[in-house]
Amino acid sequence: MGSRQDGMMIEVSKGKVQTNPIAVVQEKFKEFETNFRAWLAKQSMPVEAAIVTATGAAQGAAIGGIMGTLSSDISASMPAPPPQAALNPQAMASFKQAQALSGGPLVQARNFAVMTGVNAGLSCVMKRIRGTEDIQGSMVAAFGSGAMFSLVSGMGGPNLAANVVTSGLFFALVQGGLFKLGQKFSQPPTEDLFYVRTRSMLSNLGLQNYEKNFKRGLLTDNTLPLLNDSALRDIKIPPGPRLLILDHIRRDPELTKGMQ
């Protein structure tokens, strides 16, 4: 006999209970992550920024190390620059850029640690300052990470300041475009914007299945204060859920006050 409880498979056989160790670890990790985020939100901005920067840098170092391992063959096969290239700053800069993008594990770990750490730290600071995570904060963080990546990776070349700014602007534009693209695909359909309070109410009551009934009857958030038994009956909601919905609206003055 088997059953599923809280995302974990529990198997009962001959009086023995077996749990899925992977599911247990996942649950423990989610619990730890939730508690850690709650603790971090209570810290001061410098403390939060420092911790977020360090964790972002560690993640970036791991990713960079893996990428560097995969690209080590490319880096090893690159020929050494001829002596005359040292006399041509532009040629030497191009060679350094190629080395930065195809370096070994340690080089890539360093580059990605700086890039992701700076991005995470600046994103944290901008979110604290602006009170929200928006495209402006995202682009500022991307500019900083791009500029620092250009510095530590040796991609600056002879025109260091110009190349650093150019790299920062490139990162910022790409990040801004990705942010807008993500917003476009993550936003709910336009019609769903009229059922935000309704969806929240039904979710709290465990009646999510009746959201389609509200939409079919065009009972939007603005109609919640006007709801009565007859209106709910017209959209084919059973007596029990009707009583729960009407009682919830009657007991929640803030719900009706905010929509009058």
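1. A quick definition to start: a residue is buried when its relative accessible area is under 20%, exposed when over 50%, and partly exposed in between (1.4 Å probe, protein chains only). This is a predicted model, in which local features need pLDDT of at least 70, side-chain atom pairs count only at pLDDT 80 or more, and totals for chains, interfaces and linings use all residues. Residues are numbered from 1 along each chain as its sequence is written, and side-chain values use heavy atoms, with hydrogens and water left out.

2. Have a look at helix H8 (residues 196-205), where Thr198, Met201 and Leu202 are the buried residues. They line one face of the helix, because seen down the axis of H8 they fall within an arc of 95 degrees (taken from the directions from the helix axis to the C-beta atoms). Helices here are DSSP runs (H or I, at least four residues), numbered from the N terminus. Gly206 follows H8 and has a positive phi, near 75 degrees.

3. Now the salt bridges (a side-chain nitrogen of Lys or Arg within 4 Å of a carboxyl oxygen of Asp or Glu): the count comes to nine. Asp229 pairs with Arg242, their closest N and O atoms being 2.9 Å apart. Asp229 lies in H10 (residues 229-234) and Arg242 in H11 (residues 239-251), so this pair ties together parts 13 residues apart in sequence. Arg242 is buried at 10% relative accessibility, while Asp229 is partly exposed at 25%.

4. Within H11, Asp247 and Arg251 are four residues apart, about one helical turn. They also form a salt bridge, with closest N and O atoms 2.9 Å apart. Arg251 is exposed at 60% relative accessibility.

Note on methods. Helices (H or I, at least four residues) and strands (E, at least two) are DSSP runs, numbered from the N terminus.
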